[in-house]
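Here are some notes for a colleague opening this entry for the first time. They are set out as numbered points, to be read beside the sequence and the model.

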Protein chains: 2
Amino acid sequence: MNQPIGIFDSGVGGLTVAAAIQKLLPQESLIYFGDTIHSPYGDKSEETIRFYAEEIVRFLLGQGCKAVVIACNTASALAFEHLQEQFPGTLILNVIDPVVEYVGSNINNKVGIIATRATTKSGVYRKRLRKLNPKLNIVTAATPLLVGVVEEGFVNTKVSSGAIEAYLGSKKFQDISTLILGCTHFPLLQKEIEQFFGGRTEIVDSPELVAHQLKRLLQSQALLSSAETVEHQFVVSEYTEAFARTARMFFGARLELKEHLL
Amino acid sequence: MNQPIGIFDSGVGGLTVAAAIQKLLPQESLIYFGDTIHSPYGDKSEETIRFYAEEIVRFLLGQGCKAVVIACNTASALAFEHLQEQFPGTLILNVIDPVVEYVGSNINNKVGIIATRATTKSGVYRKRLRKLNPKLNIVTAATPLLVGVVEEGFVNTKVSSGAIEAYLGSKKFQDISTLILGCTHFPLLQKEIEQFFGGRTEIVDSPELVAHQLKRLLQSQALLSSAETVEHQFVVSEYTEAFARTARMFFGARLELKEHLL
């Protein structure tokens with residue numbers, strides 16, 4: 001099954017997921033779709049995000065993808081079930097469930113979650129964690145500026161540390177044992193967040209967990225690739241320099257970027 | 001001529017312009033359109049922004065507006081001429097020309113300009129200033145995170161000061177005499193930017209200059225209102241709490257927000 005794996009996000013955030021998949025499954029070809037023209041998703045309505053996500057999955061399946069990874073927490077929170085209904089029989093993964101499974105099993109956790117406004121408002125992490133483990137102590141915060149901090153390259157500056165302090169300095173986050181990075185942009189701030197908590201808190205991000213779940217699912221359905229050469233494609237709904245810059249950072253300078261209007 | 005004045009922006013930024021117009025022309029009714037579903041404009045293409053701007057102006061004229069103010073630098077930079085062509089005979093103002101006229105007349109200025117990526121890339125301030133005054137010394141920078149800093153309420157924090165220092169601390173901005181705030185979000189950071197420059201630099205923002213130009217133009221065409229009561233309307237392409245919060249900050253808690261899909 002040498003068909004490609006489709007991965008999509010509103011912009012650059014999902015590249016952290018694509019990179020983790022490439023590392024764990026180097027024999028798989030990837031098609032990454034960044035919906036830059038509608039980025040960011042984090043402040044949009046459920047209806048809008050479902051509409052965009054459906055169009056993107058239709059495009060990826062049209063390219064022959066054998067599986068689709070929603071590499072965006074907001075779209076995972078608001079559009080996953082909708083996509084399953086619209087595309088029955090298609091292997092679709094979201095970035096939330098692997099994290100919930102990993103975190104929810106430890107009953108002693110006090111879990112913090114940071115995410116975009118839309119993901120936070122959806123309450124999806126809270127609901128799924130509670131379902132798995134009703135006694136879990138959970139605190140959440142919407143931290144939308146951290147998306148821009150990453151997109152604009154302010155990682156490891158006074159700007160990132162100031163935003164992290166403002167968002168995570170509140171009392172409710174003080175004694176958490178685990179922090180879920182509920183947005184695919186946030187792994188790029190992981191070290192700073194770890195330092196802010198002085199190593200007392202486990203920081204959980206989705207890229208690696210999602211890559212492992214994808215591997216298990218492909219394996220169980222005998223869908224792993226045996227290709228000798230791989231080819232990655234990068235498609236955006238609108239060319240932006242910010243996307244090209246970040247994609248090259250992850251996948252090398254020779255990467256080619258195509259535009260596809262939704 | 002008691003018809004309303006239409007004002008639009010991609011989101012909350014243009015409210016600084018609406019507030020300046022309300023202050024100078026308290027007898028005028030306003031219809032403010034925030035294109036929240038497509039916000040931010042700052043990283044989008046010319047074609048996309050023209051398309052959205054045209055739809056919005058069509059909507060505002062359909063509401064009977066006697067004049068339209070493009071309260072967004074990005075749309076002013078990329079869509080003003082297009083809108084003039086599409087709607088001949090309509091009084092359309094942009095937020096750039098009043099600033100260029102004010103700043104460009106002083107030949108001794110070294111002028112700094114900060115704006116979104118799209119406005120900076122368009123080179124519109126530089127071109128128009130040079131046309132007025134070919135010898136002007138001009139330096140520019142794209143400062144997109146400052147939009148999020150304002151949208152997320154990080155004004156007067158380490159985050160805003162860190163971003164201002166990072167963006168404006170470069171050598172080329174050191175000896176500017178004038179700084180143009182080329183984005184309608186930035187007036188909310190004006191005091192901090194003034195402090196950063198230690199009072200040596202004149203900070204020029206568009207809201208007041210635009211309001212005065214609007215008054216002159218309405219006067220010259222005998223379009224000023226003589227209404228005894230005014231009514232302001234606020235319309236967004238998608239309801240967001242961030243917009244509602246900021247609009248209420250400017251126009252009072254009783255403000256009603258309508259949704260209109262473009």
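1. A definition comes first: helices (H or I, at least four residues) and strands (E, at least two) are DSSP runs, numbered from the N terminus. With that numbering, A:Pro40 belongs to the loop between β2 (30-34) and α2 (46-62) of chain A. The model is a predicted one.

2. What kind of peptide bond joins A:Ser39 and A:Pro40? The bond is cis, with omega about -5°. In chain B, the peptide bond from B:Ser39 to B:Pro40 is cis, and its omega is near -5°. B:Pro40 is found in the loop between β2 (30-34) and α2 (46-62) of chain B.

3. Next, the relation of the chains. The same surface serves both copies, as 100% of the contact residues of chain A recur in chain B.

4. The interface itself can be described by its counts. In it, 20 residues of chain A are in contact with 20 residues of chain B. On the side of chain A that touches chain B, the elements giving two or more residues are α7 (145-151) and α8 (158-168) of chain A. The largest share of that side, five residues, is from α8(A). Sorted by class, the side of chain A that touches chain B holds nine nonpolar, six polar and five charged residues.

5. Helix α8(A) deserves a separate look. Eight of its eleven residues are buried, so α8(A) is largely enclosed by the rest of the structure. The buried residues are A:Val159, A:Ser160, A:Ser161, A:Gly162, A:Ala163, A:Ile164, A:Tyr167 and A:Leu168. What do the buried residues of α8(A) pack against? Within chain A they pack against β5 (110-115), β6 (137-142), α7 and α9 (190-196), together with α8 (158-168) of chain B.

6. In chain A, the axes of α1 (residues 15-24) and α10 (residues 206-220) come within 8 Å and cross at roughly 50°. α1(A) and α10(A) are therefore oblique to each other. The crossing of α1(A) past α10(A) is right-handed. From α1(A), the contact takes A:Thr16, A:Val17, A:Ala19, A:Ala20, A:Ile21 and A:Leu24, and from α10(A) it takes A:Ser206, A:Pro207, A:Glu208, A:Val210, A:Ala211, A:His212, A:Leu214 and A:Lys215. The residues of this contact divide into nine nonpolar, three polar and two charged.

7. In chain B, the axes of α4 (residues 97-104) and α10 (residues 206-220) come within 8 Å and cross at roughly 105°. Angles of 65 to 115 degrees count as roughly perpendicular, so α4(B) is roughly perpendicular to α10(B). Here B:Pro98, B:Val99 and B:Tyr102 of α4(B) meet B:Ser206, B:Leu209, B:Val210 and B:Gln213 of α10(B). By class, the contact of α4(B) with α10(B) has five nonpolar, two polar and no charged residues.

8. Is A:Leu129 buried or exposed? A:Leu129 counts as buried because it has 22 C-beta neighbours inside 10 Å. It lies in helix α6 (residues 124-132) of chain A. Not counting residues up to four places away in sequence, A:Leu129 touches A:Val100, A:Val103, A:Gly104, A:Val111, A:Leu136 and A:Ile138. A:Leu129 and A:Glu208 are 79 residues apart in sequence and 19 Å apart in space, C-alpha to C-alpha.

9. B:Gln219 lies in helix α10 of chain B. It counts as exposed because it has 10 C-beta neighbours inside 10 Å. B:Gln219 and B:Pro187 are 32 residues apart in sequence and, C-alpha to C-alpha, 26 Å apart in space.

10. Finally, two residues to check for backbone angles. A:Ala222, a residue other than glycine, has a positive phi, near 50°. A:Ala222 sits in the loop between α10 and β9 (233-236) of chain A and counts as exposed, with 7 C-beta neighbours inside 10 Å. B:Asn156 is not a glycine, yet its phi is positive, about 60°. B:Asn156 is in the loop between α7 (145-151) and α8 of chain B and is exposed, with 12 other C-beta atoms within 10 Å.

Key: Residues numbered from 1 in each chain as written. Chains lettered and ligands numbered in written order. Predicted model: local features only at pLDDT ≥ 70, side-chain atom pairs only at ≥ 80, totals over all residues. Contact = placed C-beta atoms within 7 Å. Nonpolar A, V, L, I, M, F, W, Y, C, P; charged D, E, K, R; others polar. Axes fitted to C-alpha atoms, helices over the stretch in contact; angles between N-to-C directions. Parallel < 35°, antiparallel > 145°, perpendicular 65-115°, else oblique. Left-handed = near helix turned anticlockwise from the far one by under 90°. Buried ≥ 20, exposed ≤ 12 C-beta atoms within 10 Å, placed from the backbone.
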